[in-house]
Amino acid sequence: MRNLEEQREYEAIQRAEEKVRALSVSLGRKPTACVVTFGCQMNARDSEKLAGILEEAGYEITDSEEADFLIYNTCTVRENADKRLFGRLGAVGSAKKKSPWRKLAVCGCMMQEEIHTEKIRKSYPFVDLIFGTHNLYTFPSLLDAVLSPENEGTLLIDVWDKADAMAERLPSRRKYAFKSGVNIMFGCDNFCSYCIVPYVRGRERSRRPEEILEEVKRLADDGVKEVMLLGQNVNSYGIKVPEEERSCFVDFPTLLARVAETPGIGRVRFMTSHPRDLSDELIEVIREHGNIARHIHLPLQSGSDRILKRMNRGYDRERYLFVTEKIRERIPDAALTTDIIIGFPGEEPSDVDQTIDVVERVRFQNAFTFLYSRRTGTPAAGFPDQVAHDTAQQGFDRLLSVVQRIAGEETAAHVGEVQEALAEGVNEDHPGLLTGRLSNNLLVHFPGEAAEVGQFVRVSLDEAHGFYYIGKRV
Ligand code: SF4
């Protein structure tokens, strides 16, 4: 049964549909819509929901930014993300003059910051709609409003500073037929000193387990084989919920087990874990369920206790090594990947040495390494001891060479094994090859037919090439 918010939004989709039908008559073709995503998996999932609503309203979804309805779903995690957006907006502005029926919307994390909405209001007046992360579920009403003739030429801005309600059952258009992200929670309460997420995505909110399980079942019924449970800190799922609702929630390991036990779901992934909160129960649930991916992404950020403290990460290197050793011991076939920031304020070469030392000990399958980027609005942006670019770059290069060497060695260690891969698509450069994803998240290219995309296949890993394999079906 739909709640009030869902009912209201479904009615708005119907109203928008009438307007899209009228536009279709005047254009003499079906209008098109495109959602461009910047940023993380959470944004990608939000974009699927936006595309689903546009499709339900009668648009044909396309990848072309020349679409009749274009949305930029923005990211603000890195300082220069805004430059990418504003460059794109300028180009669309001139095209829009020639086709005035076209609509342009901007949403996502960046729009939660007034400085950006103000800039659009002043410098890009041809934008039709701005909305934020908290009211994404009201997009049908906003779409209806933007398509209304009385709002022609007006910039509608609707950005909330927090979310009071969640509308769960709105349309969504999956990018892949066979795999899907599933949000289990929104926001973050951790306030790492370099990160803007808690300010733009709000405080932590967990979805009810029955809503999540119902969505997973619906996806399985629709042919989805792999789901990825999404949250900024999945390990704290269900913890910070109002006292009166506590009995309705379960913890993350229990939720993960229930998702893995859903008939039809061949593989479950999750992202992102926090080293402070990853529990023994979670490790055991992964161990006991062969269809939970043998891949744990556990952001380290730094291997130096001094820097971890300044980052407000809530753990030290000893805790990180303890958790990863336990994972290695209980789930020996699990690949560990991580995120590392180099050049954080106050970082010295000896801190980088400490980070490299953790990388050597843990032996990550891969590490996403970032040069620290000063993010306005975060505590770390105000730290006085910012690191010079050249110094940071030297540390980065030192780290990267170790990361790449170990990643290559870890990949090569599996050559000769036979593993199960989910065939994700036809290789773009070599159409006779399929690209499959292994449980440990590595890719394998092997000869196959397009009809096999979306299926699990057993593949021998014959040759290792850095981060991928060449193999064949067995
Ligand atoms: S855990 Fe830290 S880095 Fe991750 S989203 Fe929350 S505040 Fe940002």
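Is Phe191 buried, partly exposed or exposed? I found 13 other C-beta atoms within 10 Å of Phe191, so Phe191 is partly exposed. The rule I used: 20 or more other C-beta atoms within 10 Å of a residue's own makes it buried, 12 or fewer makes it exposed, and in between is partly exposed, with C-beta atoms placed from the backbone.

Before going on, I noted that this is a predicted model, where local features need pLDDT of at least 70 and side-chain atom pairs count only at pLDDT 80 or more, while totals for chains, interfaces and linings use all residues. Residues are numbered from 1 along each chain as its sequence is written.

I placed Phe191 in the loop between β8 (185–186) and α6 (197–200). My helices (H or I, at least four residues) and strands (E, at least two) are DSSP runs, numbered from the N terminus. The phi of Phe191 is near 50°, which is a positive value in a residue other than glycine.

I found Asn312 in the loop between α10 and α11 (317–330), and it is partly exposed because it has 14 C-beta neighbours inside 10 Å. Which kind of peptide bond runs from Met271 to Thr272? I noted a cis bond, with omega near 10°. Thr272 sits in the loop between β11 (267–271) and α9 (280–288).

**Leu300**

I went to the loop between β12 (295–297) and α10 (305–311) for Leu300. With 25 other C-beta atoms within 10 Å, Leu300 is buried. Its contacts, leaving out residues up to four places away in sequence, are Tyr320, Thr338, Ile340 and Val358. Contact here means C-beta atoms, placed from the backbone, within 7 Å.

**Helices α12 and α13**

How do α12 (residues 349–362) and α13 (residues 389–412) pack? I read an angle of about 5°, with the axes 10 Å apart. That is why I call α12 roughly parallel to α13, as angles under 35 degrees count as roughly parallel. On the α12 side I listed Pro349, Val352, Thr355, Ile356, Val359 and Glu360, and they meet Gly395, Arg398, Leu399, Val402, Val403 and Ile406 in α13. I sorted the residues of this contact into eight nonpolar, two polar and two charged.

Ser460 is in strand β18 (residues 456–465), and its 17 C-beta neighbours inside 10 Å make it partly exposed. Setting aside residues up to four places away in sequence, I saw Ser460 touch Val418, Gly471, Lys472 and Val474. Last, I wrote down domain 1 (4–158), domain 2 (179–412) and domain 3 (418–473), with bounds from an automatic or database domain assignment. I have 36 Å between the C-alpha centres of domain 1 and domain 3.

Technical notes. Axes are lines fitted to C-alpha atoms, for helices over the stretch in contact, and angles run from 0 to 180 degrees between N-to-C directions. Angles under 35 degrees count as roughly parallel, over 145 as roughly antiparallel, 65 to 115 as roughly perpendicular and the rest as oblique. Two residues are in contact if their C-beta atoms, placed from the backbone, lie within 7 Å. Ala, Val, Leu, Ile, Met, Phe, Trp, Tyr, Cys and Pro count as nonpolar, Asp, Glu, Lys and Arg as charged, and the others, Gly among them, as polar.
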